[in-house]
Amino acid sequence: YLSLYKELNDLSNGIEALSNQLSQELGATVGNELLHKSHDIESRSFDEMNAIGDKIHDLQEYMRKQVTIIRSKAYVDESTGLENRTSYLSYIESINDCIQRNEIEFAIAMFDINGLKEINDTLGHDVGDKAISKIAEILKQTFENEKIFRIGGDEFVVIIKADSNDIEKYFNLFDGILAKANEKDDLVVDVSKGFAIYDNEY
């Protein structure tokens with residue numbers, strides 16, 4: 001994941017640099033023409049100059065969109081739409097910086113799908129993927145305003161700003177949604193979970 005992230009990030013940075021460089025070079029070209037070839041510039045119509053500006057703008061917008069797409073793919077788990085392990089590690093780095101400045105309170109909740117390997121082996125990976133998607137959707141419903149990551153095949157992490165009472169409420173909500181989903185679904189999924197609260201006094 002880290003190797004893929006680095007390659008994609010280097011590529012996106014390269015595209016962004018190319019966009020800026022192209023803009024500067026085109027701007028410099030127009031500037032040189034204004035200074036040294038004013039008679040040629042004057043012969044161009046106003047519409048032609050606008051067309052050049054529009055092309056530069058369109059190219060910059062296209063490159064910015066490509067940078068956004070590349071960076072989003074580096075941080076998103078395609079099968080669930082959740083943030084992935086690369087995003088999790090990056091976010092942990094930012095949390096560590098806040099911890100050093102004593103500027104954050106948070107808890108980490110962990111969820112693990114029980115028996116996913118057996119589901120894959122006996123029922124097939126398509127069913128296993130459905131189990132993963134099922135839990136991902138329940139996590140989204142439960143922690144809709146929190147950071148949710150899929151960090152492994154059957155592992156999910158939620159980083160939340162809450163105390164132990166809030167986490168207990170979250171867990172009860174998760175259990176309730178999962179129970180109802182299992183009642184309606186032929187695919188019954190079991191999940192192990194736990195949490196840890198950061199204490200800035202230790």
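Predicted model: local features only at pLDDT ≥ 70, side-chain atom pairs only at ≥ 80, totals over all residues.
# Reading a sheet, its helices and a loop residue

Trainee: Which strands pair with S1, and in what sense?

Mentor: A strand inside a sheet is read through its bridges to other strands. Here S1 pairs in the antiparallel sense with S3, which covers residues 155–160, over six bridges, and it also pairs in the antiparallel sense with S4, residues 191–197, over seven bridges. On the S3 side you can follow Ala109 to its bridge partner Val158, while on the S4 side Ile108 has Ala196 as its bridge partner.

Trainee: In what order do the strands lie in the sheet?

Mentor: The four strands form an open sheet in the order S2-S3-S1-S4, with antiparallel pairing. Strand S2 (147–150) and S4 each have a single partner strand, so they stand at the edges and one side of each is left without a neighbour in the sheet. From one strand to the next, the twist averages 15 degrees.

Trainee: Which helix packs on this sheet?

Mentor: Helix H6, residues 125–142, packs on the sheet and touches S1, S2, S3 and S4, and its direction makes about 10 degrees with that of S3.

Trainee: How should I think about the side chains of a strand, and how many residues of S1 are buried?

Mentor: In a regular strand the side chains alternate between the two faces of the sheet. As for S1, which runs over residues 107–113, five of its seven residues are buried, and the strand is mostly covered.

Trainee: Is Thr80 buried or exposed, and why?

Mentor: The step of reasoning needs a cut-off, since buried means under 20% relative accessible area. Thr80 has 7% relative accessibility, and therefore counts as buried, although this residue is found in a loop, the one between helix H3 (46–75) and helix H4 (85–100).

Trainee: What does Thr80 reach or touch?

Mentor: Its side chain reaches the backbone nitrogen of Leu82 at 3.2 Å. Leaving aside neighbours within four places in sequence, Thr80 is in contact with Ile132, Ala136, Lys140 and Arg150.

How values were computed
Residues numbered from 1 in each chain as written. Heavy atoms only, no water. Buried < 20%, exposed > 50% of the residue type's maximum accessible area, 1.4 Å probe, protein only. Helix = DSSP H or I, 4+ residues; strand = E, 2+ residues; numbered from the N terminus. Pairing = 2+ DSSP bridges. Polar contact = N/O pair within 3.5 Å; in protein donor to acceptor, adjacent residues only side chain to side chain. Contact = heavy atoms within 4.5 Å. Axes fitted to C-alpha atoms, helices over the stretch in contact; angles between N-to-C directions.
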